[in-house]
Amino acid sequence: VKNGKKLEEMVRKIEEEFWVPVELLKELSDDMVLMMQKGLEDEESSSIKMLVSYVDSLPSGHEEGCFYALDLGGTNLRVMQVKLQGNRTIELKAESYMVPPKIKIGKLHELFDYIAEKVSHVFESVKADFDTVPGKKRELGFTFSFPVHQTRINSGTLLDWTKDYDAKDAIGKDMVVELSKALEKRAIDVNVTALLNDTVGTLAGGRFNNKNVVAAVILGTGMNAAYIEQSERILKPYGLPPKSGQMVINTEWGNFNSSLLPLTDYDCALDSDSPNHHKQILEKMLSGRYLGEIVRRILLSLADDAALFGDIVPPKLRQPYVLGTDIVSAMHGDKSTDLSVVGKCLEKVLEITNVSLEKKKVVVKICEVVATRGARLSAFAILSILKMLGKDKTSAGETVVAIDGSLFGKYEEFKLCLQKTLADELLDEEVSKMVVLRQFKDASGIGAAVVAASQSIYD
Ligand code: ADP
């Protein structure tokens, strides 16, 4: 009984700590807009870098030709052959590989050798389709979902690793040069014509498909966003102003930090145990890499202090990152009356058996509380992008935000809460009717191919 009461109290306190009221979401959004504006003036003075992508024209949807794309995300490496056929149609051949954890934290050349091997493999398998023109090289767009500093479209030096990458000696190196070196070593005949963030790729790919796309958001392993900015508002130096008057900005908003963020002890502990502490603070509150870990930390404290799983704390529960966000999503979505999915997940992932229905309900509650906070915070961040675009008050024409990533694509409760928070709490009714969050699965590969096409050295 004593433990029961304690558990109830702790859960109530956690619910309170993780609830972000709408007023705070609005204040956070104002703060984020200020940081974004600062980032456009001077990267150093803002937690949001607002990186210039050097993509200054977006696809019309009528591009044609055969191009290649390479997409290095937090979890997968994808190699694609994309045949653009005009009129918004494509033909796509793609292979996905799970990057081995050892490679993610090994030497930089090992990572790129691994990538080159996979590229070589895919090029071999699609050889027959490639109508080789003598003297003409293949052209490839490289989507790379880590922050780089670019000075032109086909070059960029790594600023920081994020998510669970930590390959040594990489910071400050040009990712296109390193990739090209590894490709040359294998005598792979290809020009890397564009380097772009996955958000920029998603924006380009989304736009190829739908002309109302003006921003892209990734909610997957990490979180990030890109949007189309008026070039005259970019006050920091970046080269010649584009003829189009527009420039795609890769916000790197996952690094947002503010004294207004309602960080809990769980967030602070997660951050201080992470390899990149003090960085990616917003991302660590909500993205796929971290949601499960936050839930694990809460369950552990409930087990430690209120005997959630009995007198002995299950040892597996002490293992960092053992609980993935996919499992949180499965448990949260358990519709069975006896919460059998929760039972199975606890057994399989945490080796906890014989959990009572009441305790399983507590587990679901914690998943819900953590995911709800994540979704609400994602909503304020998207509001900030709409403000930057001047689309938060007016409702003339449809505004499409292209979204990709498993957190949005596969976590139904998360997605619904995000959409509802934005539509019902943050936007006026008239505006919210015109703002569409649409999933564009794997659009970044198509985007990379389209941007490679726009940078082609051939006619
Ligand atoms: P990436 O962002 O690495 O390119 P994804 O968009 O697939 O790739 O995101 C992977 C992240 O999504 C992982 O952190 C994983 O835990 C999480 N994830 C995978 N499946 C689900 C799911 N069903 N519900 C919620 N999160 C998921």
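Two residues are taken to be in contact if their C-beta atoms, placed from the backbone, lie within 7 Å. By this criterion, and leaving aside residues up to four places away in sequence, L299 touches L308, L317, V363 and I366. The structure is a predicted model, in which local features need pLDDT of at least 70 and side-chain atom pairs count only at pLDDT 80 or more, whereas totals for chains, interfaces and linings use all residues. Residues are numbered from 1 along each chain as its sequence is written.

L299 also belongs to the largest nonpolar core, which has 138 residues and in which A69, F142, A215, V295, L299 and A449 have the most contacts. Such a core is a set of buried Ala, Val, Leu, Ile, Met, Phe, Trp, Tyr and Cys residues joined through C-beta atoms within 7 Å, a residue being buried if 20 or more other C-beta atoms lie within 10 Å of its own, exposed if 12 or fewer, and partly exposed in between. Helix α12 (residues 357–388) supplies the largest share of this core, namely 17 residues, helices being DSSP runs of H or I with at least four residues and strands runs of E with at least two, numbered from the N terminus.

Most residues other than glycine have a negative phi. Q280, with a positive phi of about 50°, lies in the loop between α7 (265–272) and α8 (281–286) and is buried, since 28 other C-beta atoms lie within 10 Å.
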